[in-house]
Amino acid sequence: MEPLLDVRELRLSLPGGGSVRAAPVDGVSFSMARGECVGLVGESGCGKSLTSMTLMGLTRSLPGARIEGQALWDGRRPAGAASAGPIDLLALSERSMLQYRGRSVGMVFQDPLSCLNPLLRLDYQIAEVLRRPQLTDTGQRAGLRGASLKQRIIELLDMVGMPQPEMRAQQYPHQLSGGLRQRALLAIALAGEPELLICDEPTTALDVTIQAQVLATLRRLQQERQLAVLFITHDLGVVAQLCSRVLVMYAGRIVESAPTEAFLRDPQHPYSQGLLASLPGRQQLRSRAGHERLYSIPGSPPRPGQFPPGCRFAPRCPRAADVCRSSYPAMQASAAGQASCWFPGAAADSRPASSAAAVAGEQR
Ligand SMILES: Nc1ncnc2c1ncn2[C@@H]1O[C@H](COP(=O)(O)OP(=O)(O)O)[C@@H](O)[C@H]1O
Ligand SMILES: [Mg+2]
């Protein structure tokens, strides 16, 4: 079966200083199956948000933006769209994109206050989506009106775990706590009955208890409705709870992709290992046992336009050799997934992969 979404060599470049162009998203490829929950992780500034915004056509209007690659969509499509084979979302006009954004693909952003309209009651904001015609598996369905509209609003609020949905529906955003606002946003995103939901750090601003509730809601929806979820976060603990597969992003590129379980047990890329080693849970365990210092990866990610030649992680990598500083490592099959590293594998027993050894030999 075709993947629901197949992203190929996605690139977003923007004017840097002078004649330089910077590419915060620089050749990102991944695909998602129907109903699959995939985590996209990496430190702040690696290009996660711009990747998802570019997929939704939201970076086209940035001054000087150039977008390359493909995002092949094989889900529901509006009446009148070509029906044979996947559609490239990046090639759609802004007008056609509006047919997909919020309907085929829903989005939940990090900061719910900036996405909710402070002047409108919740029921009104959800109704805006429900009044529009909806895409279904068999084509288009008319928007809702009257009593069925009201009923659906309450259903959606109930579905995302909003307590007292009838009362809450009539409130304004400022009357809701952070967790309830986040659920309201989720309800708005789900109102369009998307097949794919992109969540960009949706729990970052929430306290731990509320975060767990929002995650439980998402997990239930994903299972009940076969909803595919792309979950962007810098929190690997959240990924472990929610996602079946992990994509690790660094300096505009995917550097590792693996099933979550294998990834947590046996990460192949030194960057992934660094991210895992800096998980608070593990730190506490280790520091209690051995009073080790809390680990964090030294340095910070390079800015777009200042990516080093070769592997972009090399300047921070404990394993970097000459080859790493001169040639970018291609994605290669690793233990259970793929990694782009000249010396993948566990830190202790890593030995040059045959191709790396060959290149290293050439350069000597
Ligand atoms: N509108 C923009 N114009 C130019 N550069 C941007 C813009 N938004 C983000 N960036 C830069 O692109 C890089 C990636 O940003 P982003 O996608 O927000 O990272 P992440 O979501 O992984 O934290 C960062 O270096 C950021 O400073
Ligand atoms: Mg971001």
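The buried residues of helix H4 are Leu122, Asp123, Gln125, Ile126, Ala127, Val129 and Leu130. H4 spans residues 122-130, and with seven of its nine residues buried the helix is mostly covered. The model described here is a predicted one.

One residue of H4 leads on to the interior of the protein. Ile126, buried in H4, is among the residues that touch the most other members of the largest nonpolar core, along with Leu190, Leu196, Leu197, Phe231 and Tyr271. This core has 95 residues. Helix H7 (residues 178-191) supplies the largest share of the core, nine residues. The core lies between domain 1 (5-243) and domain 2 (254-363), because both domains give residues to it. In soluble globular proteins, nonpolar side chains tend to be buried together.

Leu190 shows what the surroundings of one such core member look like. Leaving out residues up to four places away in sequence, Leu190 touches Leu156, Met159, Val160, Leu197, Leu221 and Leu227. Of these, Leu197 is itself named among the residues with the most contacts to other core members.

The side chains of Glu43 and Tyr271 make a polar contact at 2.8 Å. A further polar contact, at 3.0 Å, joins the side chain of Glu43 to that of Arg316. Glu43 sits in the loop between strand E3 (37-41) and helix H1. Its relative accessibility is 19%, and because the cut-off for buried is under 20%, Glu43 counts as buried. Apart from residues up to four places away in sequence, the residues that Glu43 touches are Lys48, Tyr250, Tyr271, Leu275, Pro301 and Arg316.

Glu43 also belongs to the set of residues around ligand 1. That set runs through Leu14, Pro24, Glu43, Ser44, Gly45, Cys46, Gly47, Lys48, Ser49, Leu50, Leu62 and Pro304. Helix H1 (residues 48-55) gives the most to this shell, with three residues. Lys48, which is in contact with Glu43, places a polar side-chain atom 2.8 Å from an oxygen atom of ligand 1. An N or O atom in the side chain of Ser49 is likewise 2.8 Å from an oxygen atom of the ligand. At Gly47 the backbone takes part: one of its N or O atoms lies 3.1 Å from an oxygen atom of ligand 1. On its own, ligand 1 has 560 Å² of accessible area, and the protein covers 61% of this.

Two residues stand out for their backbone geometry. Most residues other than glycine have a negative phi. Glu9, although not a glycine, has a positive phi of about 50 degrees. Glu9 is found in strand E1 (residues 5-15) and is partly exposed, its relative accessible area being 48%. Glu201 also has a positive phi without being a glycine, with a value near 45 degrees. Glu201 belongs to the loop between strand E9 (196-200) and helix H8 (208-225). With a relative accessible area of 8%, Glu201 is buried.

Leu98 gives a further local view. Leu98 lies in helix H2 (residues 94-100) and counts as partly exposed, at 46% relative accessibility. Neighbours within four places in sequence aside, Leu98 is in contact with Arg103 and Arg132. Leu98 and Met56 are 42 residues apart in sequence, while their C-alpha atoms are 9.4 Å apart in space.

The remaining values concern the protein as a whole. Its secondary structure comes to 14 helices and 14 strands. Of the 364 residues, 51% are buried. Among contacts between residues at least 6 apart in sequence, 64% join residues at least 24 apart. The protein exposes about 16900 Å², of which carbon and sulfur atoms supply 52%.

Conventions. Residues are numbered from 1 along each chain as its sequence is written. Chains are lettered from A and ligands numbered from 1 in the order in which they are written. This is a predicted model: local features need pLDDT of at least 70, side-chain atom pairs count only at pLDDT 80 or more; totals for chains, interfaces and linings use all residues. Side-chain values use heavy atoms; hydrogens and water are left out. A nonpolar core is a set of buried Ala, Val, Leu, Ile, Met, Phe, Trp, Tyr and Cys residues joined through side-chain atoms within 4.5 Å. Buried means under 20% relative accessible area, exposed over 50%, partly exposed in between (1.4 Å probe, protein chains only). Helices (H or I, at least four residues) and strands (E, at least two) are DSSP runs, numbered from the N terminus. Domain bounds come from an automatic or database domain assignment. Contact means heavy atoms within 4.5 Å. A residue is near a molecule or strand if one of its heavy atoms lies within 4 Å of it. A polar contact is a pair of N or O atoms within 3.5 Å; within protein, one must be able to donate a hydrogen and the other to accept it, and residues adjacent in sequence count only if both atoms are side-chain atoms. Accessible areas come from the Shrake-Rupley method with a 1.4 Å probe; for residues, only the protein chains shown count as cover.
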